[in-house]
Amino acid sequence: RITEVVGMEKDIITLQDLFLFEQKGVGDKGRILGSFHPSGVLPKFMPELEAKGVNVPIKVFSETGGEVI
């Protein structure tokens with residue numbers, strides 16, 4: 001998983017998954033095979049990146065390149 005820390009609620013850290021790893025199998029020498037896929041959730045930090053001039057296409061966070069939550 002690639003997870004964003006989105007805040008705190010008292011002593012509890014609030015997280016949201018941005019990408020999830022899907023294992024396809026095990027390759028030579030015991031190496032895990034697979035890939036990361038977007039969860040469909042738009043990160044809360046996007047406005048901060050844009051304000052700093054970093055432009056990440058929203059479709060990166062969507063499996064189909066379409067709408068994100």
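Student: How many bridges join strand 1 to strand 2, and do they run parallel or antiparallel?
Tutor: In this predicted model, strand 1 (residues 2-9) and strand 2 (residues 12-26) run antiparallel and are joined by 7 bridges.

Student: Which residue in strand 2 is the bridge partner of Val-5?
Tutor: Leu-15 is the partner of Val-5.

Student: Switching to charges. How many salt bridges does the structure hold?
Tutor: There are 3. One of them pairs Arg-1 with Asp-17, with the closest N and O atoms 2.4 Å apart. That pair links distant parts of the chain, 16 residues apart: Arg-1 lies in the segment before strand 1, and Asp-17 is in strand 2.

Student: Is Arg-1 buried or exposed?
Tutor: Arg-1 is exposed, at 66% relative accessible area. Asp-17 is partly exposed, at 23%.

Student: Which side chain does Lys-24 meet in a salt bridge?
Tutor: Lys-24 meets Glu-22, at 3.1 Å from N to O. Lys-24 counts as exposed because its relative accessible area of 56% is over the 50% cut-off. Glu-22 has 38%, so Glu-22 is partly exposed.

Student: What about Glu-48, which residue does its side chain meet?
Tutor: Glu-48 forms a salt bridge with Lys-52, at 3.4 Å from N to O. Glu-48 is partly exposed at 49% relative accessibility, while Lys-52 is exposed at 62%.

Notes:
Residues numbered from 1 in each chain as written. Predicted model: local features only at pLDDT ≥ 70, side-chain atom pairs only at ≥ 80, totals over all residues. Heavy atoms only, no water. Pairing = 2+ DSSP bridges. Helix = DSSP H or I, 4+ residues; strand = E, 2+ residues; numbered from the N terminus. Salt bridge = Lys/Arg side-chain N within 4 Å of Asp/Glu carboxyl O. Buried < 20%, exposed > 50% of the residue type's maximum accessible area, 1.4 Å probe, protein only.
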